[in-house]
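This report goes through selected helices and strands of one protein model. Please keep the sequence and the coordinates at hand while reading.

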Amino acid sequence: MKQIIIEGGTPLTGKIPISGAKNSVVALIPIALLAPSHALIENVPNISDTASLLEMLKILNCHITYENETLNIDTTEVKNTFIPGELSKRLRASYYLMGTLLAKYNYVEMSIPGGCNIGLRPIDLHLDGFKSLGATITTTDDKITIKTDGLVGTDINLRVPSVGATINLMIAATAAIGITHINNAAKEPEIINIAEFLNNLGANITGAGTDTITINGKTTYQNGKISVIPDRIEAGTYILAGALMGNNLTISGIKKENLTSLFHALDEMQANYTLNDDSLTITKKETYNPINVTTTFYPGFPTDLAQPLASVLTRCNGTSTITETIWENRLGHVPYLVKMNANISVENKEKISVHGPTIFLNKEVEASDLRAGASLVIAALAAKGITTINAAEHILRGYENIVEKLSGVGAKIKVNEIE
Ligand code: UD1
């Protein structure tokens with residue numbers, strides 16, 4: 001197990017550069033398989049999700065170099081091989097291999113991504129979409145097989161604008177004969193980045209970033225490259241850390257237009273920040289105005305920033321609320337923030353009230369998932385004394401060089417490996 005140990009209470013001053021977006025790169029890496037001989041991906045974050053996907057590509061017989069944040073993927077000898085569960089269960093996003101291998105080979109066989117405990121339901125939109133494009137799907141125990149004699153373009157109406165389903169179906173539809181419309185598509189900035197890569201590989205996709213994406217299929221794939229967009233969730237996390245502990249803390253290399261819902265929340269709190277071309281500088285205030293935030297699909301407030309935000313809301317003068325509308329159970333951080341002296345009541349599984357202002361105390365806590373872990377890091381940066389965050393692997397899945405980046409602005413932070 002890994003632990004992150006933080007001795008909090010020191011102000012954060014200086015610059016944190018933002019890495020490439022995790023939620024983009026986890027799709028871009030599988031998509032590279034479509035290139036006939038090689039693909040280049042720049043600004044690739046060195047996180048454990050990247051490493052897991054590269055292991056999967058190696059099983060598929062890709063030759064890969066990864067230097068200076070650039071991935072060079074040689075696909076000349078790719079073989080359509082079964083991906084074992086030990087790998088595909090490490091991250092849910094391994095399901096992008098389904099759309100990609102279906103597009104490339106009309107056939108994919110893999111262990112069910114994300115583990116049996118979540119069942120098939122959370123990927124029903126992906127599977128229904130593959131079916132309407134002309135694939136048949138069989139599942140046995142832990143294995144899923146998707147095959148087709150040839151995909152055919154169609155109209156797909158998503159029940160909810162799922163990020164994963166939008167991407168997976170966009171990928172598969174590049175191989176389908178004729179035109180596919182994905183209606184009620186997700187509009188996250190990562191979708192635009194991914195459509196751009198597919199177009200660089202020869203696809204004909206329009207409308208990415210709007211409600212309807214149109215794919216004119218039957219692509220003859222070519223080699224191509226892409227640069228990963230900045231990670232808006234990583235940026236948001238450090239901005240929120242700055243709201244608690246910043247003293248002229250600059251978050252650089254951001255795309256401001258992808259963070260407007262966070263800026264709106266910061267404005268309502270009356271946070272003390274300034275925006276420049278591609279950076280933001282923030283200095284903490286002792287207390288803030290309480291706010292009410294509801295997470296929703298992009299461009300609404302991102303569910304992935306709700307947990308980091310909860311830590312900052314402890315500094316509001318009064319009661320703030322966060323209502324979660326995307327995930328059913330995203331409260332893994334709450335008992336640990338409470339252990340660290342936050343005053344949070346859970347009204348139902350979707351809504352928490354944070355009663356402030358309170359001051360964090362150092363404790364031993366545990367990261368139940370990636371963003372819950374991020375909220376604990378923020379709390380620990382503010383708590384005087386040493387906080388130990390167990391199960392820190394979750395945090396390292398999504399934050400490149402978090403220890404180096406925070407140390408670089410004055411935090412006392414290290415990672416421990418324990419038995
Ligand atoms: C992506 C992000 C994740 C973020 C989430 C919502 C990646 C790798 N992960 O996850 O960080 O929290 O978007 O912004 O990009 N749903 C179904 N059936 C499906 C698919 C989804 O019912 O087939 C539901 C989910 O249970 C959830 C909602 O749709 O309630 C949104 O899920 P989705 O947008 O698909 O999330 P992910 O793509 O998994």
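The model is predicted: local features need pLDDT of at least 70, side-chain atom pairs count only at pLDDT 80 or more, and totals for chains, interfaces and linings use all residues. Residues are numbered from 1 along each chain as its sequence is written, and side-chain values use heavy atoms, with hydrogens and water left out. Helices (H or I, at least four residues) and strands (E, at least two) are DSSP runs, numbered from the N terminus.

**Helix α2**

Helix α2 covers residues 48–59, which is 12 residues. From first to last C-alpha α2 reaches 17 Å, close to the 16 Å expected at 1.5 Å a residue; the expected span is 1.5 Å times one less than the number of residues. Its buried residues are Asp 49, Thr 50, Ser 52, Leu 53, Leu 54, Met 56 and Leu 57. Buried means under 20% relative accessible area, exposed over 50%, and partly exposed in between (1.4 Å probe, protein chains only). These buried residues pack against α1 (22–31), β4 (63–67), β5 (70–74), α3 (85–88) and α4 (96–105), where contact means heavy atoms within 4.5 Å. Just after α2, Asn 61 has a positive phi of about 75°.

Met 56 lies in α2 and counts as buried because its relative accessibility is 0%. Not counting residues up to four places away in sequence, Met 56 touches Ile 83, Leu 87, Ser 88, Leu 91, Ser 94 and Leu 97. Between Met 56 and Leu 169 there are 20 Å in space, C-alpha to C-alpha, and the two are 113 residues apart in sequence.

**Helix pairs**

Two packed helices are described by the angle between their axes and the distance between the axes. Axes are lines fitted to C-alpha atoms, for helices over the stretch in contact, and angles run from 0 to 180 degrees between N-to-C directions.

The axes of α4 and α6 (residues 163–173) come within 8 Å and cross at roughly 10°, so α4 and α6 are roughly parallel. Angles under 35 degrees count as roughly parallel, over 145 as roughly antiparallel, 65 to 115 as roughly perpendicular and the rest as oblique. On the α4 side the contact includes Tyr 96, Met 98 and Ala 103, and on the α6 side Val 163, Ile 167 and Ile 171 are among the residues involved. By class, this contact has seven nonpolar, four polar and no charged residues. Ala, Val, Leu, Ile, Met, Phe, Trp, Tyr, Cys and Pro count as nonpolar, Asp, Glu, Lys and Arg as charged, and the others, Gly among them, as polar.

Helices α8 (residues 232–245) and α10 (residues 306–313) pack at about 5°, with axes 9 Å apart, so α8 is roughly parallel to α10. Thr 237, Leu 240, Ala 243 and Leu 244 of α8 meet Pro 308, Leu 309, Ser 311 and Val 312 of α10.

**Strand pairing**

Two strands pair if DSSP finds at least two bridges between them. An open sheet of three strands has the order β6-β8-β7 with antiparallel pairing, and its edge strands are β6 (107–111) and β7 (136–140). Helix α4 lies across β6 and β8, at about 150° to β6.

| Strand pair | Bridges | Partner residues |
|---|---|---|
| β7 and β8 | five bridges | Thr 138 and Thr 145 |
| β18 and β20 | six bridges | Thr 323 and Lys 351 |
| β19 and β20 | four bridges | Ile 344 and Val 354 |

A hairpin through two residues joins β19 to β20.
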